[in-house]
Each structure stands twice: as structure tokens, then as C-alpha cells.
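Please read this explanation with the sequence and the model open beside it. It follows pairs of helices through the fold and then turns to cavities.

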Amino acid sequence: MTILLWTLRYEAMMAARRKVVWGAVLPLTLLSLLLAGSSPVVTGHDDPAARVGAAAVLVTTLCSLGTGLALADRMRGRAGATGLPELLTATPASPLARGAGTLAGPMLAALAPVAVLFLLYATVVTATSGSFAPLGAALAALLTSVLPAALLATALAGLIGVLLPVAAARAITVVVWLWACHFPPSFSPVPTPTGTVLSPLAGYTLVDWAHAPAVWATRGGDGPLRPTVTFGTALLNLALVLALAAACHLLGHFIARVRARRIGAS
């Protein structure tokens, strides 16, 4: 546990010092909230909790993507790193604890302004509506949609960043992210995870737990991967997003270590 906390602290501090993190995440957060306050897709709902849920769709889409783009080079940069990263790797802590710290640590720094500003927005909606449901919807969205999506976006961008130059990895991540989140079956000429329990948007959790409009779950599609929204399917959506994030992170970490050993051997 001590190693995990040290890893979390180190990774969060390193991420917070990087201008690219603030330059990518903060503007997209502000853009999300600007759209939330002006777009009829959000403001057109009479239910204040539904407005927050619809706003969470914007935050999940843009801020999670921004987090992944900002941290796309973290896994590549750790390959062969010296100093505290090398010291933490040499400790007897389990690879699971170190891996969890290296993935979750940067999230603490990158998502901090997202959480603060989105909760501030939800607090305003709560105060003007006289109901605590919007604040509850915001908390649910942050924990079950924004955070898991950011973990997956970061792990995916990191994996691609190990295989390709970082600039190319960021460009590919944008295309893959939008395809996975906002290419519904009626729009996409190829199969798409949009509107399925595999979508990183986590539409099922947003609809069932964060009061988002029902359209953000199945996106008008049907089939075995687009079941009816229930507590169970929302939980399945969350579990699959986290599993995909873990798989991308472990694969990227493995490739980075293999490359580092080859470089060291040469």
C-alpha cells in the first residue's frame, strides 16, 4: 500500500507539472461546460438532473479524450526512465500495485479541474432547481463514466504511443475515440461500438445512474451488444470499459518494458 501511495503521488506530481496536461484538459473542460450552458441538447430538458446527465456526455467525450491526448507519451517516457521511477520499479511491490499507480496517478492531476468545474456546474443547477438530484447525477457521472473513460483513453493513447510517434498516436486516438463514442449504427458504414456496452462513453451508466437521456445508451441500435438499459447492463458497461483500460495499459506497459530491455542490451 505504501508503494502504491508513493507511486500515485509521484505520477500525479509529474503530470501536474506538465503544461500539456493543463493545455489539453482545461480548455476542453471549459468548452464542455460552455456547450452545456448553451446547447439545446442539454438545456432543452426540463428535468435538471437530465440536464446534468446530458452535460456529462459532453464532459466524458471531450475531457476524457483530452486526458488521453495529454498523457499519450507517459508510457513511452517511462521506458528506461531513471531516478524515482527506477527506484519504485525495484521495490518488492506487486506489478499490479505499481501498474495501478502509474495509470491512476496522472488521472488525479488531469481530472482534478474537470471534477471541480463539473461539480460547480452541478451545484449551480442544484441551487437554481431546488433539488439535490443534479448534484447526485454529477457525482455518479464522474465516478462511473468520466473516470473510467479517462482511464481507457489514457491507456489506449499510451499503448498507441509506444507503437508509433506520439503525434501520430494522438491523431489516431482522436479518430478511434470518436468512432467508439459518437458513430451510431445509422451513421457509421462499418461496425461500431457506439451505443453498445463496449462503448467508452459508458452511455448505459450515464442513463441508468446519472439521469442522462435514454438515447445515449443504445443510440437507436439493437442487437446483443445493445441490450435494454438496466442496473445490470450499466454495471456490465462499466466493467467492460475498465477491463479494456486494464488490457491496454498492461499491453502497453509490457511492450514498453520489452523495448527498454532491447535498448539497454544494445
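The axes of α9 and helix α10 (residues 166–182) cross at roughly 140 degrees and come within 9 Å. This angle makes α9 oblique to α10. The model is a predicted one, and the values given here are computed from it. In handedness, the crossing of α9 with α10 is right-handed.

Which residues of α9 and α10 meet? On the side of α9 they are A149, L152, A153, L156, A157, I160 and G161. On the side of α10 they are A169, I172, T173, V176 and W177. Sorted by class, the contact of α9 with α10 has 10 nonpolar and 2 polar residues, and no charged ones.

Now follow α9 to its other partner in this account. Helix α9 (residues 133–163) also packs with helix α8 (residues 112–129). The angle in this pair is about 155 degrees, and the axes are 8 Å apart. Angles over 145 degrees count as roughly antiparallel, and α8 and α9 are therefore roughly antiparallel to each other. Their crossing is right-handed. From α8, the contact takes in V114, A115, F118, L119, A122, T123, V125, T126 and S129. From α9, it takes in P134, L135, A138, L139, A141, L142 and V146. The residues of this contact between α8 and α9 divide into 13 nonpolar and 3 polar, with no charged residue.

Helix α8 leads on to a further pair. The axes of helix α2 (residues 19–38) and α8 come within 10 Å, and they cross at roughly 15 degrees. Angles under 35 degrees count as roughly parallel, so α2 and α8 are roughly parallel to each other. The crossing of α2 and α8 is right-handed. In α2, the residues W22, V25, L26, T29, L30, L33 and A36 meet P113, V114, L117, F118 and Y121 in α8. This contact of α2 with α8 is made up of 11 nonpolar residues, 1 polar residue and no charged residue.

By class, the lining of the second largest cavity has 5 nonpolar, 5 polar and 1 charged residues.

How values were computed:
Residues are numbered from 1 along each chain as its sequence is written. This is a predicted model: local features need pLDDT of at least 70, side-chain atom pairs count only at pLDDT 80 or more; totals for chains, interfaces and linings use all residues. Side-chain values use heavy atoms; hydrogens and water are left out. Axes are lines fitted to C-alpha atoms, for helices over the stretch in contact, and angles run from 0 to 180 degrees between N-to-C directions. Helices (H or I, at least four residues) and strands (E, at least two) are DSSP runs, numbered from the N terminus. Angles under 35 degrees count as roughly parallel, over 145 as roughly antiparallel, 65 to 115 as roughly perpendicular and the rest as oblique. A crossing is left-handed if the near helix is turned anticlockwise from the far one by less than a right angle, and right-handed if clockwise. Contact means heavy atoms within 4.5 Å. Ala, Val, Leu, Ile, Met, Phe, Trp, Tyr, Cys and Pro count as nonpolar, Asp, Glu, Lys and Arg as charged, and the others, Gly among them, as polar.
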